[in-house]
Amino acid sequence: MTAENPLTKGSTHPALPDDGAPRLYSNRYCPYAQRAHLTLNAKKVPHHVVYIDLVNKPEWLVDVSPLLKVPALHLVGEKSKPSIIESLIIVEYLDEKYPQNPLLSKDPLKRAQDKILVERFNAAGGALMKIALQGGDGSDLWPVLDIFEEELAKRGTPYFGGEKPGFLDYMIWPWFERLPVVEYFLKERYSFNKERYAKLTAWVDLIVKDEVVQSHYTSPETHVNQFKKIVDFIKNKK
């Protein structure tokens, strides 16, 4: 089982070390799962990764993710060995469980404001999928990015988290990593540029070099190829 050969229907559950380390059920190209990878790596939490085929999920996945979702974090070191699903729930659990390198602000108001911004960013994910899969023109993506350009300017720091990446930075990064997909499908209509997004462009140039981001980074070419495969799969199903 590898990122390029995820476990699929009919497969058996892989044998994993019985060391109590959390087990992350993931997919290499899922932006939501990427959030969990970034958090685990930011905190240097030892863990095991099981990659899942999202089209043909293995039957046993229901045992660790009742809704068949990834990411799912199986806490085999805890009593009753529970699982947690939903990326933001997983990230918040990890941030509280492992206090090293805290990602969420200790200030209740700042923490709440960052969570609200993550919710507002959800529209960008939907817009990206619309562009790639439905021929969207990006008109519903750029206004969302405008909000974050203004927010970064207002904070006056290189990262949303201050002088280093924090919760908001890592939670929205997976979609910025996929901006080349938007450029591929929109071509001359692509509008992410230094003139309109000076702060965000500088932020992208910084965070892409971050050690944590690089620990789970996928090249633009690979992202574009993955989306092309998705588009072809959908077309062939019709």
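A polar contact is a pair of N or O atoms within 3.5 Å; within protein, one must be able to donate a hydrogen and the other to accept it, and residues adjacent in sequence count only if both atoms are side-chain atoms. This is a predicted model, in which local features need pLDDT of at least 70, side-chain atom pairs count only at pLDDT 80 or more, and totals for chains, interfaces and linings use all residues. Residues are numbered from 1 along each chain as its sequence is written, and side-chain values use heavy atoms, with hydrogens and water left out.

**View 1. Thr 39 in helix α1 (residues 31-42).** The side chain of Thr 39 reaches the backbone oxygen of Arg 35 at 2.9 Å. Helices (H or I, at least four residues) and strands (E, at least two) are DSSP runs, numbered from the N terminus. Thr 39 is buried, with a relative accessible area of 0%. Buried means under 20% relative accessible area, exposed over 50%, partly exposed in between (1.4 Å probe, protein chains only). Not counting residues up to four places away in sequence, Thr 39 touches Val 91, Leu 94, Leu 103 and Met 171. Contact means heavy atoms within 4.5 Å.

**View 2. Tyr 170 in helix α5 (residues 167-177).** Tyr 170 is buried, at 3% relative accessible area. Leaving aside neighbours within four places in sequence, its contacts include Arg 35, Leu 38, Leu 103 and Val 212.

**View 3. The buried residues of helix α7 (residues 198-207).** They are Leu 200, Thr 201, Trp 203, Val 204 and Ile 207. Seen down the axis of α7, they fall within an arc of 160°, so they line one face of the helix. The arc is that of the directions from the helix axis to the C-beta atoms. Their cover includes α4 (142-155), α5 and α8 (211-215).

**View 4. The ring pair of Tyr 25 and Trp 60.** The whole structure holds 14 aromatic pairs. Rings of Phe, Tyr and Trp (its six-membered ring) pair if their centres lie within 6.5 Å; planes under 30 degrees apart count as stacked, over 60 as edge-to-face and the rest as tilted. Here the centres are 6.2 Å apart and the planes at 65°, so the pair is edge-to-face. Tyr 25 lies in strand β1 (residues 23-26), and Trp 60 in the loop between β2 (48-51) and β3 (72-74), 35 residues apart. Tyr 25 is buried at 0% relative accessible area. Trp 60 counts as buried at 11%.
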